[in-house]
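Visitor: I would like to go through this model term by term, setting each value against its definition. Please show me the sequence and the structure before we start.

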Amino acid sequence: MKPRHLEKTDSGYKVYLYIFYICGAIMVSSLIFGVYATMLEWLEHGTYVMGEVIHNTTIPFENFARVSTWIFFSTIIGWYCCTRIGWRRTAGDKIVGTRMALLQLMLLGFAIISFYEVLYNFTVLNAQMTAGVVNGIVPDIDKLLVAYPDPDRPWNLVFATKVFLAAFIISAHAFYLSVKPRKSLDE
């Protein structure tokens with residue numbers, strides 16, 4: 001039996017659609033919480049560490065999942081649901097020629113940049129942990145940061161690694177989908 005593409009009439013379509021909406025709600029609520037908490041930190045201390053509040057907050061209870069983990073999970077699952085329910089918008093000959101070539105180059109560029117950022121952040125995270133252990137202090141990895149690209153606005157390293165890993169997975173998958181043979185609308 002030849003595998004079929006997901007259609008709006010399939011029962012699985014609604015599952016992917018509802019999961020996509022749930023992932024979107026998780027991402028939007030995380031964004032609102034992150035902006036609010038970062039603004040409070042900025043107003044109270046005059047500085048902030050990008051992603052630190054999001055990474056150090058656990059939901060739904062202590063020692064369960066961090067907000068950064070929920071964001072990581074929901075972006076990847078939401079992207080997959082999006083590709084399953086929205087395949088008709090890019091199927092066949094809808095995006096061809098110069099537009100497809102530019103899209104593929106953009107996606108490849110995003111994948112390369114985000115892969116570099118994952119390696120960079122992970123390397124700096126490991127170096128800071130090793131430096132702390134060598135000095136006899138086991139660092140709290142959830143508090144480690146890097147003052148890059150702007151020294152006035154450092155990034156939490158675990159948060160940055162998760163964000164760029166999700167970006168790499170999504171952009172690499174999108175690039176893969178753009179270069180594989182196109183689905184036909186007639187099939």
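**Values against definitions**

Guide: Helices α1 (11-45) and α3 (67-85) each contribute at least two residues to the nonpolar patch, helices (H or I, at least four residues) and strands (E, at least two) being DSSP runs numbered from the N terminus. This is a predicted model, in which local features need pLDDT of at least 70 and side-chain atom pairs count only at pLDDT 80 or more, while totals for chains, interfaces and linings use all residues. Residues are numbered from 1 along each chain as its sequence is written, and side-chain values use heavy atoms, with hydrogens and water left out.

Visitor: What makes the nonpolar surface patch?

Guide: Val15, Ile19, Ile22, Phe73 and Ile77 form it, with an area of about 410 Å². A patch takes residues with over 30% relative accessible area and no salt bridge, joining nonpolar side chains (Val, Leu, Ile, Met, Phe, Trp, Tyr) within 5 Å and like charges within 9 Å; accessible areas come from the Shrake-Rupley method with a 1.4 Å probe, only the protein chains shown counting as cover for residues. Helix α1 gives the most, with 3 residues.

Visitor: Why is the contact of Asp142 and Arg66 called a salt bridge?

Guide: The term requires a side-chain nitrogen of Lys or Arg within 4 Å of a carboxyl oxygen of Asp or Glu, and the N to O distance between Asp142 and Arg66 is 2.8 Å, so the pair qualifies. The two residues are 76 apart in the chain, Asp142 in the loop between α4 (97-134) and β3 (145-146) and Arg66 in strand β2 (residues 65-66). By this rule the count comes to 2 salt bridges, and Asp150 with Arg153, at 2.4 Å from N to O, is one of them.

Visitor: Why is Asp142 called buried, and how is Arg66 classed?

Guide: Buried means under 20% relative accessible area, exposed over 50%, and partly exposed in between (1.4 Å probe, protein chains only). Asp142, at 15%, is therefore buried, whereas Arg66, at 23%, is partly exposed.

Visitor: How do you know that Cys23 is in no disulfide?

Guide: A disulfide is a pair of cysteine sulfur atoms within 2.5 Å, and a search of the whole structure finds 0 of them. The cysteine sulfur nearest to that of Cys23 belongs to Cys81 and is 5.7 Å away, so Cys23 is in no disulfide. For Cys82, the closest cysteine sulfur is again in Cys81, at 8.7 Å, too far for a bond. Cys23 is buried at 3% relative accessibility, while Cys82, at 32%, is partly exposed.
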